[in-house]
Amino acid sequence: MLRSGGLNPIDPLVARRRGSARLATAVAGALALLAFLGRSSDPAAQPLSPAAPLKLGAALALTGNANLYGQDQRMGISLAQAWLQAQPHPRPVQLQLEDGASDEPSAIAAFNLLIRQGVITLIGPTLSQQAFAADPIAQRQGVPVVAPSNTAKGIPQIGSFISRVSAQSSVIAPLSIDEALRREPGTRRVAVFFAQDDAYSTAETAIFQKVLAARGLKPVSVQRTQLADNDFQNPITAALQQRPQIVVISAQAVDGGNLIRQLRELGYRGQIVVGNGLNTPNIYPICQRWCDGVLIAQAYSPELNTPVNLAFRRLFADANQGRTPGQIAAQAWTAYQVVFEAIQRVQKRGGFEGLTLGDARQQLMQELLNGRYNTPLGPIRFRPDGEVVQGRFYVAQVRMDATGRSGRFTLVREQELPEDAP
Amino acid sequence: MIDNGLLVQMILGALLGLSVYLPMAAGQLSLATPAFYAVGGTLAALLSTQDNAQAGITLGAMVGEMFLAAGLTAGLALLVGLPVLRLRGIYLAIATIALVEIVRVAILNLPFTGGAAGIFGIPQPFQQPLGYVLFSGGLLAACGWLCQRLEASRLGRSMAAIRDDELASRCMGIHTTRVKLTAFVASAVLAGITGVIAAHYLNTWNARQGSFDVAITTLAFVILGGSRSWLGPVIGGLLLTALPELLRPVGDLRLVLFGLVILLGPVLFPQGLITPALLERLGRWKP
């Protein structure tokens, strides 16, 4: 009777163990199936169809703590797309945008996904730390990468397929210090602040401090802050006791903005020089009228009077209630433009004829590095290792308007650098 | 579609979930997993970038790193575990969070760990992600087998007894300190060797990899998957790591949906997806 009912009077513990063994087998089977289905289906060996649009991938930080930069980049790329689509071009290009978030695993996942979808080039990722994780994957599979905002040392050196349009901070940073010293030649006392848990800021402060040392200035105070800090009373009080004449800040937008504001509120009246992390109009609402007068060196000036920059400014203003674009958006535009123009040049020469995707990627990388580009950043080209060569940099000063809620970077100096400066 | 790269991340997630589960099986809420994960990853990153050989690293060398990481994390866990495991519940959780912060700040400030940018150019033992899948999958299978054996062993039963009632189990003659410490050390070793694989897989390692966020994420693996069986954290880790990637087609909404899953999971499955009752039903089921 019992047997016909299918009841089985076994111990619950034994049943549980048998159940988990069965489930474990099922999970293992499912994982094995996934591994088999997901095994490298590299599209690089497939031939390119002659007329279909070429796919271009972008992995940007649309979420996570770098999303302020990623959103600016999305704007820059989409404006470049709109502008270039309107120009005559023999080969259509289709943009595939993925969220690379702000951490390394997400950047890797986004790169893998785009590569599998058969993109010919990748733009991204947003952060240098992400680039160190994701770029080697593109390099191994031979996919060109153009970084729009990686400024850390050693990015193009990851491999032959990696390039960037964002100049290293070692090139830009000295200019603003020199401008501050030009204004107050007698300066002896400099205080330095930096966000010690931020890769970008720690690299940049090292450069700032090297420049100071080269000008014969030893910081009277070096203060370490954290990206998540809101209250800077302690480090500011400690620094102000040393009566600095210039304060040099390497931080990101939110913490840096608050730091500037609190410096002024606590009575500092001297010059403030800030690094690239604050190179965004997003700081205006944070430090408000206290932003006024801050000096910053930039790789982009909205005041550059060239047709392509005027087009960029006009499109940006139309899309953003008349605002002026910042460097991050300009560099993202530039990354898209560089790839787009290289594709068109290869197409005009008939270069994509009869190639596999893998060969086309290689061909495009060569063309990318050989070209010269007239971009919103000014004329640029690449060194053979993929490092950008940009001749012109700018020092700007923040000027806030009467309301204290909005302002702009006004150009104070334009500087030509010798072309092959490191 | 899940590619092998994502599959590696899923398996690493499952291993970290197991690492959080082990102390929990002995009733201890420890959030120290990211600290040991960071120690393992940093050790691997330092050792494999010593001679600047970008080209590659042999599998043997990586296994060697894993043994070293296991030894180092076990030592650290013993050192930390003895005083810390005297604490219970939320106090233990806070003490282990402090450990995570100490390790993170140490890695950020030590002169040889590359500061905030971290260590990059970590060589690869495998040319294809499939290699990582097989290797980490094998490790997961071995850990699963051990956990399955553990449940029937004296140690496993002691752990279950402590989880149900620590005082009663001590009265029954169980050496509770030793059992809790064993679970803590096993958890640390598992996190450490997972860190070694992760460092190679990620190509780069920095202090952000072992942050408090990771503690919360890995805890979510256990909560969603279920903490009463080792399969819970494994399945939780696999699913929760894959989900944000699988949700990519919905675009900007994907993290909202992901948050919704985290929110609704415990509401709909208060004991997690894998409950003892479910396993019992599976065990009695006859095809």
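Salt bridges between domain 1 of chain A and domain 2 of chain A: the count is zero. Keep in mind that this is a predicted model.

Where do these two domains lie in the chain? Domain 1 of chain A covers 54-167 + 305-390, and domain 2 covers 170-298 + 394-416. Their centres, taken over C-alpha atoms, are 29 Å apart. To the contact between them, domain 1 of chain A gives 11 residues and domain 2 of chain A gives 13 residues.

Now the area. Between them, domain 1 and domain 2 of chain A bury about 1100 Å², and 50% of that is on carbon and sulfur atoms. Which residues of domain 1 of chain A lose the most area to domain 2? They are A:Leu68, A:Tyr69 and A:Gln327, which together make up 43% of what that side buries.

Next, a helix in the other chain. Helix α11 of chain B runs over residues 254-268, which is 15 residues. From first C-alpha to last, α11(B) reaches 20 Å, close to the 21 Å expected at 1.5 Å a residue.

Which residues of α11(B) are buried? B:Arg254, B:Phe258 and B:Gly265 are.

What do the buried residues of α11(B) pack against? In chain B, the partners are α9 (212-225) and α10 (231-246), and from chain A there is β2 (93-99).

That is my part. Comments are welcome.

Note on methods: Residues are numbered from 1 along each chain as its sequence is written. Chains are lettered from A and ligands numbered from 1 in the order in which they are written. This is a predicted model: local features need pLDDT of at least 70, side-chain atom pairs count only at pLDDT 80 or more; totals for chains, interfaces and linings use all residues. Side-chain values use heavy atoms; hydrogens and water are left out. Helices (H or I, at least four residues) and strands (E, at least two) are DSSP runs, numbered from the N terminus. The expected span of a helix is 1.5 Å times one less than its number of residues. Buried means under 20% relative accessible area, exposed over 50%, partly exposed in between (1.4 Å probe, protein chains only). Contact means heavy atoms within 4.5 Å. Domain bounds come from an automatic or database domain assignment. Buried area is the accessible area (1.4 Å probe) that two parts lose on being put together, summed over both. A salt bridge is a side-chain nitrogen of Lys or Arg within 4 Å of a carboxyl oxygen of Asp or Glu.
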